[in-house]
Each structure stands twice: as C-alpha cells, then as structure tokens.
Amino acid sequence: LQNVRIDPSSISFNMWKDIPVPFYMSVYFFEVLNPKEVLQGAKPVLNQRGPYVYREFRYKTNITFNDNDTVSFLEYRKLFFRPDLSNGSEDEYIVVPNILMMGAAVMMEDLPNFVKLLLSGALAGLKQEAFMNRTVREIMWGYEDPLIDTINALVPGLIPFKGKFGLFVELNNSNSGLFTVYTGRKDISRVHMVDSWNGLKNVSYWRSNECNMINGTAGEMWPPFMAPTSLEFYSPDACRSMTLVYEQSGKFEGVPTYRFVAPKTLFANGTDYPPNEGFCPCLQSGIQNVSSCRLNAPMFISHPHFYNADPVLVNAVEGLNPSKEQHALFLDVHPMTGIPMNCSIKLQLNLYIKHVSGIIQTGRIKPVVLPLLWFAESGSIEGSVLKQFYTNLVLIPSLLEYLQYVFLGLSVPLIISAAVLRAKSQKTTAEKSPCHPATQSTPPPASETTPLLHDTDALSQDDAEP
C-alpha cells in the first residue's frame, strides 16, 4: 500500500510525476464535400480524413505537498507530430465550416438586426464565407484572422481573446489547471481523489449542483482495491466529472484488469436521464452543450460519429458510421493498484450551424450539429515499466502463492512423520520404565491374612457379642 501513495519514497511516485506511458493523440477531421449545396439547405456530406497522429508527453510541475494530506500540481502536455504514424501531413488542406464566423453568427442571433447587418457587411469586406479551406496545422494550432478584431469592435467581449484562433491552440505546452489531490498517506482509500481544481470544490458551468460537482480523480490513477462497479474522474476538457462503468474483467499482457466504459447515459439528455438535465437541455441524447465553458460558442461534445446518440443526429449528415469497436472509449485498470494499463479516451467536437437572419453569409443552412473532428488519446504501459509491473504484481505474487501450496503439501507428510516418531518414542520409553502401568493396573488378590479383612472380621465378632 505504501508504494501506491503519492510520496517521494514510493515506487509509483516517479510514474505519477513524469508519466512513462507513451501517449498518442490521433485526430480525424470531417471534410465537408458539398459546402455550396449546404448553403442552399442540403444535407452535409462528410468525409473522414486522418488520422493525424501526435506523440504526447505529460509531466507535472509546481508539486507542493500540503498539511492536509494533499498535494497540488500543474500538469503540462507537449505534442509532437508523427508523420510516420499519420495518414497525411499537417500541410494538407481540408474544407470545414468557418468556425469563427458561423459560431459568432449563432451567438449574435438575438442581437438587433442593425448589428447583424453591420457584421454581415464587415464579413463581406473581409471576404469571409461560411466554409473555409485551411491546412490541418492552421485548424489545429491557429491562424491569424482579422475577423477576431472586427467582431470585438462590433460586439466588445463576444470573443474574449486575441491573436491566433485554433481548436487546439491552448492545448500544446499548456496545463489543465491546478489540481489538488489526496496523497493517501493518512487514508489510502482517498489517494488520487480530487480535493479541488483551480481552488474550486465545485464548478459553475452547469445548471444544477449535482452537475457542478468535482468528483473522482484527475483521471490518471485511482485508489487501490477497486470494485467492479464504476470509476469517476474530473475532465477539464469536458468541463465536468465523468463516470465510467465496469464492463468486464480481462488481462493486458498477462496483468489482470477491469475494463470500464462510458454508459449510454453519459451524454444522454434530461428526458432520457434526469440527472443530466443540468448539463444539456438538448432535444436529442448523445451530445453535450459545452458553450458555457467554451466562451459561449455553440460547441457540443459527443462520442465519435455520434456513437450511442439519437439516430436523428447521425441521419442529419451523410458519411457517419458509428461502431463500438472504433468509437467507444475504455479504460483497462489494474484493480489492486488502481493504475491504468491500457486506455483510449475518445471525444468528438461539433459546431451548431444554421441560417441567421441578417447575416447573408449563412445562406439557407438548415440547423444541424455538424461534426468537426474527433480525437483519441491512447496509451498503454509497455517496455521495462510493463516488465517491472508484471514481475512485482503478477509473477512474484503468483510464485509466492505457488510456494505456499508447495510448503503446505510438504508439511502434511512431515507432520504425519513427526506424529509417528513421537508415538514410537513414547512406546519405547514406557517399555523401559520399572513402574510399568500394566503391573499396577490390577490389584493383588485378597486373602484371609489381609489386615483389612482381619480387622473387619474382628470387628464383626465384637459386634456379634451382646
């Protein structure tokens, strides 16, 4: 138990501090094949492109041990493109929605018409259209866009950032917030459980206290001796706590594991699963509105290809093929230690687009939750770390258990032999003894000269005399 605590003296501390597991982020884009037709009200036709694979390195800094059995830290991620593992380069062009323009249009829908007409004129001057053709690198890591300054000039604070715009611009070389978790030194059942995130015990993104709760761990390790029920973790990317449920037991490279997967209720709406009403008052199940924690942009998250979602979402576009094998997330955890052995966390980013009156660039686009991309963050323990893990947690315990039965098997004849030798020893000792119990077991026969009988006869004669 001491080796799973967050303590510099524990075996698992360096694994927790600088995660040795090679993580890879695989990104798949949805290219819009018929942008002109979509502007006229047609159903979007999508083509999946990728994967574009990035090697991900994670490390912790600002590690501070606190007096209340907790430790605070910042975890950073660095991503490096791996062309040898990718199906395409970062310089490839892909047609996708103009995320800034279409997002701003929906955000401004309820503003006065003259403001929307001003924006529409500014968009025409900047030659902005509903769809754009940009490289993977630009979409991922950002591009300069004068539209940012234009929108902020018309509606101050609508887009509260400057500089480049990219879907992952804040992911690389950045941290996921200040986590404070329990070390387990006083209570091992609390190890890795989150005490606070950015100093908060609860977030304020959602519409119910239950949905705003920060539950579980930071998503890296869990307390030991896990039950085959469920596990929880807080995801800053999803702005919420998530619960995965036990699916089955198995083995990863010989190490026993519990597999946890996402239940169908994870992104269900409040109608299908009432506790989720605080997350998303959505018409369909299978998506979650994250606009409240994403600068109010009309962004939704879901499983890839709308897996486990309402068929209405799948059928609103062409080109999606949801399947459990390719699109379901999972975690394989060693239940004795709470350490993940193999995992693949998958999420899809979607943009809600539609015709907005007053902004002519939106054409006659029908309302649709349009998939932009999906990504999988995957990793598994391998190499020397796996070998050490297998030796310490599988091989040695199995060997000790085997030796236990060997010793038990050997001890039975030894005990019997000892009992036999002891019995023989006692018999030999008894036969050599001068006061053998057999000579005393039967009293000598009585005779008339026995004093007791003599005295008794005498007493009888005296009693007989008057």
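## An exposed phenylalanine

Phe225 is exposed, with a relative accessible area of 58%, where exposed means over 50% relative accessible area, buried under 20% and partly exposed in between, for a 1.4 Å probe and protein chains only. This is a predicted model, in which local features need pLDDT of at least 70 and side-chain atom pairs count only at pLDDT 80 or more, while totals for chains, interfaces and linings use all residues. Residues are numbered from 1 along each chain as its sequence is written, and side-chain values use heavy atoms, with hydrogens and water left out.

Phe225 is found in the loop between β7 (194–197) and β8 (230–235), the strands being DSSP runs (E, at least two residues) numbered from the N terminus, as helices are (H or I, at least four). The phi of Phe225 is near 60°, a positive value in a residue other than glycine.

## Other backbone features

Most residues other than glycine have a negative phi, and most peptide bonds are trans. Glu253 has a positive phi near 55°; this residue lies in the loop between β9 (240–252) and β10 (255–261), and at 55% relative accessibility Glu253 counts as exposed.

The peptide bond from Gly50 to Pro51 is cis, with omega near 10°, and Pro51 belongs to strand β2 (residues 46–65).

## Strand β6 and its partners

In strand β6 (residues 174–182), seven of the nine residues are buried. Two strands pair if DSSP finds at least two bridges between them: β3 (residues 70–81) and β6 run antiparallel and are joined by seven bridges, whereas three bridges join β6 to β7, again antiparallel. Val181 of β6 is the bridge partner of Val71, and Val181 also stands opposite Val194 in β7.
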